[in-house]
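Have the coordinates open as you read.

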Amino acid sequence: MSTPMDTSDGEPIVSNADRNRLAQEESLSEFSKLDSIMEPTTAAFVDQYLEAGGVPLNVMNLLVQSYEGLAAMANTVDRDIRNAYNSTNQAALLEPISRKIVESFDAVKADEEFSNTQQLPVYILDMIPHQVWRKTIYRLSERYPKSEMLGAALQKVADEGFQAELTSLNSASLHTHVFYSLLVECIENVAPATDETLNERISELISTVCRSEQAYFMAQYVLVHARQKLGPQAIGLRRIEEELERHMLDKYDRPQLAVHMRLLLDGCAVGGDDAVANALVSIIQNSYAAPGDVTALYRHYHDALAAGQPTSSAYMLRSERIMMLLVEQMFGHLWESTVEDTRMALVDKYIWLLAYATLSVDDQSDTVDQAQLEQLIAQMKDVRQLPVRPIQTTLNQVIRKVIEWVRVPILARVVLMWVRDIISYDNFTYYDTYFKSCEVPVPLLLLEEIAFCQPLLKPLVFDAYRESFESKIPGFAADRQIRLQKVVINRIAVLVQLDYALP
């Protein structure tokens, strides 16, 4: 609704009589509008009309004639509905009103008015404090994602402290100022999170960022540049980047999207002549490290390291998807995988690349220590010689070396997969053969050592324990099965003592 007329120095000079006449006409026009007596500006128009010499009776007549009582009728309908359903909830009435607002909203006109005034309409400001009407604003923003006025309304909602409600909106990512404030708040919530709340905070961040390609790219761009400015202090940001990337890869199954964006952010040319970028994309897309791709990566990183020259970022090379493919192809024969390539020239390249990726630290891949690299390569070659599903005496012979290897994270991962295969092969035949009373089987002790040396592998150790606990071994008497389960529970209790627990 409009407000009483104003005068300014820039207006044409008019007589007092004309001014009074115009003021009366404007006021009478307002009084004639439907339910004008309910408008907050009516009192100001009454004052204006009387000061201009208007007749008070005209005010009374017009206000009475224009009154329909829509607000009172709405309240009556609302009360009757709530009484009929014995409820105090107004949703039954407010929801249809909200839908009607969305259906009749004119986004073009709203943007024109906002462009002229650069201020949000009063009705928007009045809606923001109430959740039901904020939801109406959200619906409008989803229906008209490019509306400038609604974008400003979302920013106002965020400024008023309701950022958490915006995380589920696709339209929020289209307005940079809105999305950036949401991103900052989500990251700030992750920083102080405890073990109990970390997954919840990460989920909030993922729901904000991973709803669209543009939102994902914007978030990764901000995180990468923040990490580059903070330097070594930004190790936590790298974890957030990896969580977002893993979600995009797993949920949308679009490796090209996440991989191409990561390569672009790392400064690699995608779809061109960059051999490193092309090899990494090929490996992830095919879920197989082909000899040609591995050779291309080996030549790039090996030659650069030998010459003391800077190399491309090893971040993508260190990603779990590529690392685990290399692990499967180099050590998979230990648990009877079918993807081993025994040509020694290729094995040397695979192992060198895997060792190099293991020792690379973030973007400082050119600082890999040559002596450490050679030592890790030698250890990996020794691990490849582990016996496949050994008998107990053979297993005892390699225990000493295995305990040394689990001090190295990548080798601990290989040993863990090897031990799980020993236990579970042929429906847990190992237990049927060697578990007699209440002694702790050697493989379970090895898993305990892995959990102690490598805290990040505790979830995988727990999964191995759970498999043993839930196993149904043919030929096991009930009392023997119970004894095995008690032994496994004791191993799980040790995990708890090592500060591992499921939420």
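Start where L444, L447, E448, I450 and A451 in α22 meet K458, V461, A464, Y465 and S468 in α23. Keep in mind that this is a predicted model. Sorted by class, the contact of α22 with α23 has seven nonpolar residues, one polar residue and two charged ones.

Now for the geometry of that contact. Two packed helices are described by the angle between their axes and the distance between the axes. Helix α22 covers residues 442–453, and its axis comes within 9 Å of that of α23, crossing at roughly 160 degrees. Angles over 145 degrees count as roughly antiparallel, so α22 is roughly antiparallel to α23. As for handedness, α22 passes α23 in a left-handed crossing.

Stay on α23 and look at its contact with α24. Here helix α23 (residues 458–470) packs against helix α24 (residues 478–497) at an angle of about 165 degrees, and the axes are 9 Å apart. That angle makes α23 roughly antiparallel to α24. The crossing of α23 past α24 is left-handed. On the α23 side, the contact is made by K458, V461, F462, Y465, S468 and F469, while α24 brings L484, Q485, V488, I489, R491, I492 and L495. By class, these residues divide into nine nonpolar, two polar and two charged. If you compare the residue lists, K458, V461, Y465 and S468 of α23 turn up in the contact with α22 and also in the contact with α24.

R389 sits in the loop between α19 (370–383) and α20 (392–405). Which side chain does the side chain of R389 make a polar contact with? The partner is D421, at 2.7 Å. Leaving aside neighbours within four places in sequence, R389 is in contact with W335, E336, W418, D421, I422 and Y425.

Last stop: the aromatic rings. The structure holds nine aromatic pairs. One of them is formed by Y430 and Y434, a tilted pair at 4.9 Å centre to centre with 45 degrees between the planes. Both tyrosines lie in helix α21 (residues 409–434), four residues apart, which is about one turn of the helix.

Key. Residues are numbered from 1 along each chain as its sequence is written. This is a predicted model: local features need pLDDT of at least 70, side-chain atom pairs count only at pLDDT 80 or more; totals for chains, interfaces and linings use all residues. Side-chain values use heavy atoms; hydrogens and water are left out. Axes are lines fitted to C-alpha atoms, for helices over the stretch in contact, and angles run from 0 to 180 degrees between N-to-C directions. Helices (H or I, at least four residues) and strands (E, at least two) are DSSP runs, numbered from the N terminus. Angles under 35 degrees count as roughly parallel, over 145 as roughly antiparallel, 65 to 115 as roughly perpendicular and the rest as oblique. A crossing is left-handed if the near helix is turned anticlockwise from the far one by less than a right angle, and right-handed if clockwise. Contact means heavy atoms within 4.5 Å. Ala, Val, Leu, Ile, Met, Phe, Trp, Tyr, Cys and Pro count as nonpolar, Asp, Glu, Lys and Arg as charged, and the others, Gly among them, as polar. A polar contact is a pair of N or O atoms within 3.5 Å; within protein, one must be able to donate a hydrogen and the other to accept it, and residues adjacent in sequence count only if both atoms are side-chain atoms. Rings of Phe, Tyr and Trp (its six-membered ring) pair if their centres lie within 6.5 Å; planes under 30 degrees apart count as stacked, over 60 as edge-to-face and the rest as tilted.
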